[in-house]
Amino acid sequence: MAENNPDLHGNAPDKADGALVLIDVINAFDFPGGEQLLQFALPMAERIAALKRRARAAGVPVVYVNDNFGRWRSDFRSQVDHCLEADSLGRPVVEMLMPEEVDYFVIKPKHSGFFATSLGTLLEYLRTKTVILTGVTADICVLFTANDAYMRDYNLIVPRDCVASISEEENEHALRQMEKILKADVSPSSELDLKILGVSTEHGARPRA
C-alpha cells in the first residue's frame with residue numbers, strides 16, 4: 001500500500017488488525033436445498049449477531065461479502081431489500097444480521113470473497129492481519145474465501161458455530177479441512193477474545209459505542 005495514500009480516499013477510516021467478515025448472509029435461500037440450509041443458518045445467524053455486537057464494541061470492522069445472486073443490475077441495498085420481502089425464506093436471517101451504516105460491503109461474482117473483488121484492497125487499507133470468517137456455506141464460499149485468505153498470509157479464524165452448510169457432516173468436514181490445511185482457529189465464537197486479536201490502537205482504531 002502506498003504510504004502517501006493511506007486512507008482509500010477517505011472511505012476506510014478504521015485501522016484494525018482484525019476484521020469480521022460475513023459471507024453470503026444476505027440471502028433469500030431460494031435455491032435447491034435452501035430450506036435444508038436454513039435450519040442450520042438460523043441458529044448460526046443468532047451467534048453471528050452476538051459476535052458482531054462484540055466486534056463493534058471492540059472496534060473491529062465488519063465486512064459483508066455477498067453474492068449478487070444473478071442480479072447484476074442491483075446494488076447491495078437492493079439485495080437486502082429483496083431478502084426482506086415477505087415471501088423470502090431468508091428474511092429471519094437477514095433481520096438478525098442487518099448491515100449498519102458503519103459496516104463495509106463487497107459484492108463477489110464467484111465463490112471466493114477475494115476473486116475479482118475489492119476485498120483485498122479494503123483489508124489492505126484497514127491494515128488487517130487477522131480475518132474472522134463467518135456465514136454460508138462452510139464447504140463452499142467460506143472454504144474458498146478461507147483458502148484465498150491463507151494464500152495471502154492472513155491469520156485465519158473460522159468460529160465453528162458461526163458457519164453453516166447443508167448438512168452437519170459437510171460442515172464438520174469443511175471445518176476440519178480449514179483447521180488442518182489452512183491452520184484456521186475453529187474455536188466457538190464464545191471462546192474468542194477480541195481484545196487479544198490485535199485490534200490496533202497504534203493505527204487510531206477506537207471502540208464504537
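**Figure 1. Overall view of the chain.** The structure is a predicted model, in which local features need pLDDT of at least 70, side-chain atom pairs count only at pLDDT 80 or more, and totals for chains, interfaces and linings use all residues. Residues are numbered from 1 along each chain as its sequence is written, and side-chain values use heavy atoms, with hydrogens and water left out. Six helices and six strands are assigned, as DSSP runs numbered from the N terminus (helices: H or I, at least four residues; strands: E, at least two). Their order along the sequence is β-α-β-α-α-β-α-β-α-β-β-α. Of the contacts (heavy atoms within 4.5 Å) with a separation of 6 or more, 81% involve residues 24 or more positions apart. The chain exposes about 10200 Å², of which carbon and sulfur atoms supply 51%; accessible areas come from the Shrake-Rupley method with a 1.4 Å probe, and for residues only the protein chains shown count as cover.

**Figure 2. Close-up of the salt bridge between Lys 52 and Glu 100.** A salt bridge requires a side-chain nitrogen of Lys or Arg within 4 Å of a carboxyl oxygen of Asp or Glu; the whole structure contains ten. For Lys 52 and Glu 100, the closest N and O atoms are 3.4 Å apart. Lys 52 belongs to helix H1 (residues 34-58) and Glu 100 to the loop between helix H3 (91-96) and strand S3 (104-108), so the pair ties together parts that are 48 residues apart in sequence. Lys 52 is buried, at 7% relative accessible area, whereas Glu 100 is partly exposed at 34%.

**Figure 3. Close-up of the salt bridge between Glu 95 and Arg 91.** The N to O distance is 2.9 Å. Both residues lie in helix H3, four residues apart, or about one turn of the helix. Glu 95 is partly exposed, with 45% relative accessibility, and Arg 91 is also partly exposed, at 30%.

**Figure 4. Close-up of the salt bridge between Glu 172 and Arg 160.** These side chains meet at an N to O distance of 2.5 Å. The pair links distant parts of the chain, twelve residues apart: Glu 172 is in helix H6 (residues 168-180), and Arg 160 is in the loop between strand S5 (155-157) and strand S6 (163-164). Glu 172 is partly exposed at 32% relative accessibility, as is Arg 160 at 29%.

**Figure 5. Close-up of a salt-bridge network.**

Conventions:
Buried means under 20% relative accessible area, exposed over 50%, partly exposed in between (1.4 Å probe, protein chains only).
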